[in-house]
Amino acid sequence: MSSKIIAEFTTIDEQIEILKNRHLLFNDESIAKDLLQIYGYYNVINGYKEPYVYLTDNKEEFYKDGTSFEQIYSLFRLDSELRYSVLTSMLSLEEHLRSVTSYVIGEHFGSDESIYLKRENYKDRAVANQKFSLDSILKTMHQALYSQRYPILYHRQKYNNVPPWILVKGIYMNTLINFIRFQKKSIKEEMIQIMYGIHPEFAALDSVKELFMSTLFIALDYRNMAAHGGRTYNFAPHSRLRLNKALLEELSSILDCSAIKEETCNISQLFYLLRLFRLETLHANILDTLNKEVTRHCNLFPNDITHIQNSTGLIFDITTC
């Protein structure tokens, strides 16, 4: 059994000395101490030092010439603003998705939980993880009917029934997306038609349905990452667009697919995928934040523009930097 390696606790003053010994510059140590106290060494330094450090032959870590604490903190600030913007957009998408899903389910199956949650109303599909099978998802939704939280509790006590537009408020985004995955063809196509604002014949394409579901799982990865304070500007979600050559060719007949790359996903691709939804604020908020923060950061540290463009997959007007 390997021995446990325990990280040593260090005071703020000790952290400053460690960084100075690694050749990191400070414009104002007192401000740096305050920022480390507020946000934490791990969050600021360990989270954003990567583009600014190098290793010696002895595997010792030093900062590149001219790198300052203020530069690392500025990138941390850029990413924090971007993370808040992404989370806001993901929550807006989630709210929109809950609304559309409950509307279509209610339209086709009514508001009686004993009817709209019947297994025969859905199409079973093979899944790699039984945790996300149709039976598991329906079981989770039945359990949510007995939540002690309002408004589910109120509807169950007053009406002895929880309609779909109330039930969706009590399930996680992961459950909601998997619930959508098990919809029958006509139901799913109607949801897609509303979400994308497209004609029924486009929503019926297999490529569009795959694009829609893949986008939801990618958005879920971004939502969870942002909610837990993860690094955002170069985040690579686990989920990918699952479009084979035939599906991509079909999709190319109605969309410019130059930004779609199955093998990789970054903030650029997320931005493109969000633009396809009818709700325009989903992508606009993220783009506004990126433009504002990249301009601010690059006005201070112009050499960082290449790293940011490579990490995000987006090209910014460097004449403003």
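Helices, as counted here, are DSSP runs of H or I with at least four residues, and strands are DSSP runs of E with at least two, both numbered from the N terminus. Under that convention, the protein in this predicted model has 16 helices and two strands. Its C-alpha atoms fill a box of roughly 70 × 50 × 40 Å when taken along the principal axes, and buried residues make up 49% of its 321 residues. Among contacts with a separation of 6 or more, 64% are between residues 24 or more positions apart.

**Backbone geometry**

- Most residues other than glycine have a negative phi, and most peptide bonds are trans.
- The peptide bond that leads from Tyr-150 to Pro-151 is cis, its omega being near 5 degrees, and Pro-151 itself is found in the loop between helix H6 (134-144) and helix H7 (152-159).
- His-23, which is not a glycine, has a positive phi near 75 degrees; this residue lies in the loop between helix H1 (12-21) and helix H2 (29-39), and with a relative accessibility of 45% it counts as partly exposed.
- Asn-160 also has a positive phi, of about 55 degrees, without being a glycine, and it takes this value just after H7, in the loop between H7 and helix H8 (164-167).
- The relative accessible area of Asn-160 is 63%, so this residue is exposed, the cut-off for that class being over 50%.

**Helix packing**

- Two packed helices are described by the angle between their axes and the distance between the axes.
- Helix H3 (residues 41-48) packs with helix H4 (residues 69-109) at an angle of about 100 degrees, and their axes are 9 Å apart; because angles of 65 to 115 degrees count as roughly perpendicular, that is the description that applies to H3 and H4.
- On the H3 side the contact is made by Asn-43, Val-44, Ile-45 and Tyr-48, while H4 contributes Phe-69, Ile-72, Tyr-73, Leu-75, Phe-76, Asp-79 and Arg-83.
- By class, the residues of this contact of H3 with H4 divide into eight nonpolar, one polar and two charged.
- In H7 the buried residues are Ile-152, Leu-153, His-155 and Arg-156, and the buried residues of this helix pack against H6 and H8.

**Salt bridges**

- Side chains of opposite charge can pair when their charged atoms come close.
- With a side-chain nitrogen of Lys or Arg required to lie within 4 Å of a carboxyl oxygen of Asp or Glu, the count comes to 16 salt bridges.
- Asp-79 and Arg-83, both of which take part in the contact of H3 with H4, form a salt bridge with each other, their closest N and O atoms being 3.3 Å apart.
- The two residues are four places apart in helix H4, so about one helical turn separates Asp-79 from Arg-83.
- Asp-79 has a relative accessibility of 0% and therefore counts as buried, and Arg-83, at 8%, counts as buried too.
- Salt bridges that share partners join Lys-185, Glu-189, Asp-206 and Lys-209 into one network.
- Glu-61 and Lys-49 meet through their side chains in a salt bridge of 3.1 Å, N to O; since Glu-61 lies in strand E2 (residues 61-63) and Lys-49 in the loop between H3 and strand E1 (53-55), the pair ties together parts that are 12 residues apart in sequence.
- Both Glu-61 and Lys-49 are buried.
- Lys-20 and Glu-29 likewise meet in a salt bridge between their side chains, at 3.0 Å from N to O, but here Lys-20 counts as partly exposed with a relative accessibility of 34%, and Glu-29 counts as partly exposed at 30%.

**A buried charge without a salt bridge**

- Arg-181 has its place in helix H9 (residues 173-181); although buried, Arg-181 has no salt bridge, and the nearest side chain of opposite charge, that of Glu-210, is 8.6 Å away.
- Leaving aside residues up to four places away in sequence, Arg-181 touches Arg-125, Val-127, Phe-132, Lys-188, Met-213 and Phe-217.

Conventions. Residues numbered from 1 in each chain as written. Predicted model: local features only at pLDDT ≥ 70, side-chain atom pairs only at ≥ 80, totals over all residues. Heavy atoms only, no water. Buried < 20%, exposed > 50% of the residue type's maximum accessible area, 1.4 Å probe, protein only. Lys, Arg positive; Asp, Glu negative; His and termini not counted. Contact = heavy atoms within 4.5 Å. Axes fitted to C-alpha atoms, helices over the stretch in contact; angles between N-to-C directions. Parallel < 35°, antiparallel > 145°, perpendicular 65-115°, else oblique. Nonpolar A, V, L, I, M, F, W, Y, C, P; charged D, E, K, R; others polar.
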